[in-house]
Amino acid sequence: MDHVVGLRCLVCGEVYAPGAVDYVCPRHGVDGTLDVLYDYERIGASCSPEDLRRSAEQGMWRFRPLLPVEPGSEVPPLLVGDTPMYPVPRLAARLGLRRVWVKDDGRNPTASLKDRPSALAVVKATEAGAGLLTTASTGNAAAALAGLCAAAGRPCLIFVPAAAPPAKVAQLLNYGATVLAVQGTYDQAFELCLEGSAAHGWYNRSTGINPYMSEGKKTVAYEICEQLGRQAPDAMFVSVGDGCILGGVYKGLRDLLALGWIDHMPRLYGVQAAGSNFLAEAWERGEDPLTKAPIEAHTVADSISAGLPRDRLKAFAAVEETDGAFVTVSDEEILAAIPVLARGSGVFAEPAAAASWAGLVRAADYGLVGPQDRVVVISTGSGLKDVTAARRAAEEAGAAPIEIAADREALERALADHGIGRGEA
Ligand SMILES: *Cc1c(COP(=O)(O)O)cnc(C)c1O
Ligand SMILES: [Zn+2]
């Protein structure tokens, strides 16, 4: 990995040689998350954006020269990344905006953005010669690791809170993962996974602990800039639990800026659920996210429920250094955003993914974005991940099936009663 020059602790700034540390800064433990440093001159001399666009590799691996993997490492066969991004002019107009896109990362193989970091985890574990892969997760990171391990023919051990949505647990079981349903919160599952990994030498993919996860997530930012014609947007909305996606998006943009492949840094907006607002609260109150005490997190958007965001330093820097903001949205706003986004764009999002749209609605209201801005909203996971929440969202929007008897007369009555088809056919 000649293009990787080191790993820098976000607490003390100490730089470690690649391979000298596995997870976090030895001096700062789990707080000392590491940022991967690259030799941009070397990368820029070896490839161009056009080379990457036309690469023979698939999906996120087109960006291999900017990823912390050995050039010859084998990657899992599932197609991860290269997800679509759609302009949503009708939805934008309702907010007084003109140029808004939705990046649909629910279109990944296990239906969330987490496939990007998990694919990278499988490669890093193989490079490290590790046996068992493990992670703690609210559900999606686990499903992604399980799916990518299945594709690569490797075993994995998953720690989820017992309350994880059934669809996500169903994915894990069908992919063949060994699942430990922890009677506790995500934060407790995280600690247990950490202790088990230390004791047994498993390869730990958990967010925040593993410095490479934001590197996998950053590929979504590369694709977005590519899809905008090699330009950065002006503002981006990312839902935030542990903060790894937001930190990863920022990292991807910093890479492109350092390479001279984009000419400005977008403002980054982190969207948190009101009941899981650690970072938003720290930002509003001017508290240090490193020393702020954990909060109790409760939200319908399980994928962004985190009492102590593990990648809080990366996420905080993303907002602070780009002149962005943290925005909080209520569970009602999150649920309301699901049918709005689905009807206005065809993109069906799980609650945590729709939260980013709800954040844009707020931000437009606050005047943080305007018609001059090119805005990208990332939908991080599919609506099929949490059917119970989706059904509730539809009902709260007044949508319900019309029950009818199985005969023609009943059909005609229903058509008349509900005015179905009038002015359409
Ligand atoms: C994990 C996840 C998030 C939040 O990502 P963090 O890195 O924890 O901030 C948002 N949406 C979905 C669908 C997720 O799975
Ligand atoms: Zn340190």
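Student: At what angle do the axes of helix 11 and helix 12 cross, and within what distance do they come?

Tutor: In this predicted model, the axes of helix 11 (residues 278–285) and helix 12 (residues 312–320) cross at roughly 50° and come within 11 Å. Axes are lines fitted to C-alpha atoms, for helices over the stretch in contact, with angles from 0 to 180 degrees between N-to-C directions. Helices (H or I, at least four residues) and strands (E, at least two) are DSSP runs numbered from the N terminus. Residues are numbered from 1 along each chain as written, while chains are lettered from A and ligands numbered from 1 in written order. Local features need pLDDT of at least 70, side-chain atom pairs count only at pLDDT 80 or more, totals for chains, interfaces and linings use all residues, and side-chain values use heavy atoms, without hydrogens and water.

Student: Why are helix 11 and helix 12 called oblique to each other?

Tutor: Angles under 35 degrees count as roughly parallel, over 145 as roughly antiparallel, 65 to 115 as roughly perpendicular and the rest as oblique. The crossing angle is roughly 50°, and helix 11 and helix 12 are therefore oblique. Contact, meaning heavy atoms within 4.5 Å, involves Phe278, Leu279, Ala282 and Trp283 of helix 11 with Arg312, Ala315, Phe316, Val319 and Glu320 of helix 12.

Student: What makes helix 4 oblique to helix 5?

Tutor: Helix 4 (residues 115–127) packs against helix 5 at about 45°, the axes being 8 Å apart. That angle makes helix 4 oblique to helix 5.

Student: Which residues coordinate the zinc ion (ligand 2)?

Tutor: Cys9 (SG), Cys12 (SG), Cys25 (SG) and His28 (ND1) coordinate the zinc ion (ligand 2) at 2.2 to 2.4 Å. Donors are N, O and S atoms within 2.8 Å of the metal (3.2 Å for Na, K and Ca), and water is not among the atoms, so sites may look incomplete.

Student: What makes the arrangement around the zinc ion (ligand 2) tetrahedral?

Tutor: Four donors count as tetrahedral if all angles lie between 85 and 135 degrees. Here the four donor atoms subtend angles of 101 to 120°, which makes the arrangement tetrahedral. In sequence, the donor residues are spaced C-x2-C-x12-C-x2-H. Cys12, in the loop between strand 1 (4–9) and strand 2 (15–16), and Cys25, in the loop between strand 2 and strand 3 (34–38), are 13 residues apart and link distant parts of the chain.

Student: Where is Leu95 placed, and with which residues is Leu95 in contact?

Tutor: Leu95 lies in the loop between helix 3 (89–94) and strand 5 (99–104). Leaving aside neighbours within four places in sequence, Leu95 is in contact with Trp357, Leu360, Val361 and Ala364.

Definitions and conventions. Four donors count as tetrahedral if all angles lie between 85 and 135 degrees; four count as square planar and six as octahedral if opposite donors are over 155 degrees apart and all others between 65 and 115; anything else is irregular.
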